[in-house]
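Biologist: Let us go through the labels on this model. I want each term set against its cut-off.

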Amino acid sequence: MSQEANPEPGGAGGSGRSAGPLDEVDRRILDALTHDGRLSMRTLAERVHVSRTNAYARVQRLLRDGVITGFRAQVAPEPAGLGTSAYVALTIEQNTWREVSAELARVRYIEHAALLGGEHDVLALVRAPDNATLREVVLARVQSIAGVLSTRTWLVFEEFDGAQSPWQ
């Protein structure tokens with residue numbers, strides 16, 4: 001399962017249509033695949049107690065409907081050489097989200113960015129090799145993007161994933 005479908009930066013993250021409601025089997029499939037996206041259809045079918053044909057059809061439907069957006073490896077940042085992580089909040093000029101997000105998507109070390117409602121307009125997760133690189137990303141690259149008015153940076157000391165899958 002090496003498919004990857006990335007929504008366009010600055011887009012709505014989907015087609016704007018809703019998929020049908022997920023049933024219990026769909027939720028079990030999502031839970032299994034979020035824990036191990038490399039499962040074979042045979043193993044997936046056994047884990048969720050359906051036939052291989054049913055599992056395959058459901059995964060294809062979840063992909064087609066945009067519920068599953070792709071499969072990828074989860075990489076631990078520190079062992080991979082990205083020992084400094086920070087959340088960077090941006091305040092941007094009104095109506096510049098599309099342009100700003102397109103530029104942010106081109107900045108190396110930005111793992112994720114989201115448009116917010118609240119005090120700040122954008123929140124970006126930056127993973128860099130060291131503090132000097134983080135400083136360069138924020139002060140030279142991000143702050144030079146047209147439309148960015150200000151930034152605020154929070155260093156990440158430790159992080160963890162939630163213990164419960166929302167699909168269980």
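Biologist: Why is His120 called buried?

Modeller: Its relative accessible area is 16%. Buried means under 20%, exposed over 50%, and partly exposed in between, with a 1.4 Å probe and protein chains only. So at 16%, His120 counts as buried. This is a predicted model: local features need pLDDT of at least 70, side-chain atom pairs count only at pLDDT 80 or more, and totals for chains, interfaces and linings use all residues. Residues are numbered from 1 along each chain as its sequence is written, and side-chain values use heavy atoms, with hydrogens and water left out.

Biologist: Where is His120, and what is it in contact with?

Modeller: His120 sits in the loop between strand E2 (110–115) and E3. Helices (H or I, at least four residues) and strands (E, at least two) are DSSP runs, numbered from the N terminus. Leaving aside neighbours within four places in sequence, His120 contacts Ala89, Leu90, Thr91, Arg152 and Trp154. Contact means heavy atoms within 4.5 Å.

Biologist: What makes H1 roughly perpendicular to H3?

Modeller: Helix H1 (residues 24–35) and helix H3 (residues 52–64) pack at about 80°, with axes 11 Å apart. That angle makes H1 roughly perpendicular to H3, because the term covers 65 to 115 degrees; under 35 is roughly parallel, over 145 roughly antiparallel, and the rest oblique. The axes are lines fitted to C-alpha atoms, for helices over the stretch in contact, and angles run from 0 to 180 degrees between N-to-C directions.

Biologist: Which residues meet there?

Modeller: From H1, Val25, Asp26, Ile29, Leu30 and Leu33; from H3, Arg58, Val59, Arg61 and Leu62. By class, this contact has six nonpolar, no polar and three charged residues. Ala, Val, Leu, Ile, Met, Phe, Trp, Tyr, Cys and Pro count as nonpolar, Asp, Glu, Lys and Arg as charged, and the others, Gly among them, as polar.

Biologist: What makes a set of residues a nonpolar core?

Modeller: The members are buried Ala, Val, Leu, Ile, Met, Phe, Trp, Tyr and Cys residues, joined through side-chain atoms within 4.5 Å. The largest such core has 19 residues; Leu90, Ile92, Val100, Leu104 and Ile110 have the most contacts inside it. Strand E1 (84–92), helix H4 (97–104), strand E3 (122–128) and helix H5 (131–142) each give it two or more residues. A second, separate core has 17 residues, including Leu30, Leu39, Val50 and Ile68.

Biologist: How much of the chain is buried?

Modeller: Buried residues make up 31% of the 168.
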